[in-house]
Structure formats: structure tokens, C-alpha cells
Amino acid sequence: QVQLVESGGGLVQAGGELTLSCVVSELIFDHYVMGWFRQAPGKGREFVAAILRSSGVTYYEDSVKGRFTISRDNAVNTVYLRMNRLKPEDTAVYYCAATSTSGNVRLLRLYDYWGQGTQVTVSS
């Protein structure tokens, strides 16, 4: 059974930093594009960042460019999201997702598998 398990969320003050991890099992990890999405209270789930299979090419939502960094370690089936200079508006549940399909990595519907999410709360 495919599993994506996120960790690393928590409560942090504005300006602080967190690193999220997502460990993937029962997938050929380096065959999958990995993405991070988030969902704030009362809002829809939105794209945050994605990283391609082996090239390491990355994509970011405009509001996190220069603050967040997505990376992956194919040896340990893990994708990371390093979040710096956090803002209260970054408060959300963060989800990792995996897709084997090529396409617009910003689209939720592209992704086949999802984690359960980890809460990030940024206080002002």
C-alpha cells in the first residue's frame, strides 16, 4: 500500500523556519514528481512547490519563491520543504503528493497519491 507520511509541522513565530519531510513507501520514488500543497482554513488546497524526478528542476508558487526550498533524496524516498521567513499567511495544513504523470505540476488533479497532511501555524 502506497504511503506518504509528512512530518515536521508545528507552531513557529513569524520570521521563523521549519522543514517538512515526506517519506514515501511502496512507490518507485524516482519515477514520481513530488509536490507540496497547502490548505488554509476555509480555503481550497493550493500548490506550493514541486520537484521533478531526476533533473531536480523545481517550481514554486509566487508567494513562496525565495523563502521556500523543495528538495528530494531519492536514496531515502523523501521529499523536503524548507520554509524560511515564515509569515502568518503561510498557516495551513501542508500535504505532499506524488504523480507519475507529466504535465502541469501545479494542478491538484495531476497527483495520484497524497499524504495525510501536517499542520503549520505561524504566529504574528
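Q: How many of the eight residues of β9 are buried?
A: In this predicted model, seven of the eight residues of β9 are buried, and the strand is therefore mostly covered, given that buried means under 20% relative accessible area.

Q: What makes Cys96, a residue of strand β9 (residues 92-99), count as buried?
A: Cys96 has a relative accessible area of 0%, and because the cut-off for buried is under 20%, Cys96 is classed as buried. Cys22 likewise counts as buried, at 0% relative accessibility.

Q: Why is the pair Cys22 and Cys96 called a disulfide?
A: The S to S distance between Cys22 and Cys96 is 1.9 Å, and since a disulfide is a pair of cysteine sulfur atoms within 2.5 Å, the pair meets the criterion; by this rule the count comes to one disulfide. The pair links distant parts of the chain, with Cys22 in strand β3 (residues 18-25) and Cys96 in β9, 74 residues apart.

Q: Why is the disulfide of Cys22 and Cys96 described as right-handed?
A: The torsion about its S-S bond is about 45 degrees, so the disulfide is right-handed.

Q: How do you know that β9 pairs with strand β10 (residues 113-114)?
A: Two bridges join β9 to β10, and because pairing requires at least two bridges, the two strands count as paired, running antiparallel; in β10, Tyr113 is the bridge partner of Ala98.

Definitions and conventions:
Residues are numbered from 1 along each chain as its sequence is written. This is a predicted model: local features need pLDDT of at least 70, side-chain atom pairs count only at pLDDT 80 or more; totals for chains, interfaces and linings use all residues. Side-chain values use heavy atoms; hydrogens and water are left out. Helices (H or I, at least four residues) and strands (E, at least two) are DSSP runs, numbered from the N terminus. Buried means under 20% relative accessible area, exposed over 50%, partly exposed in between (1.4 Å probe, protein chains only).
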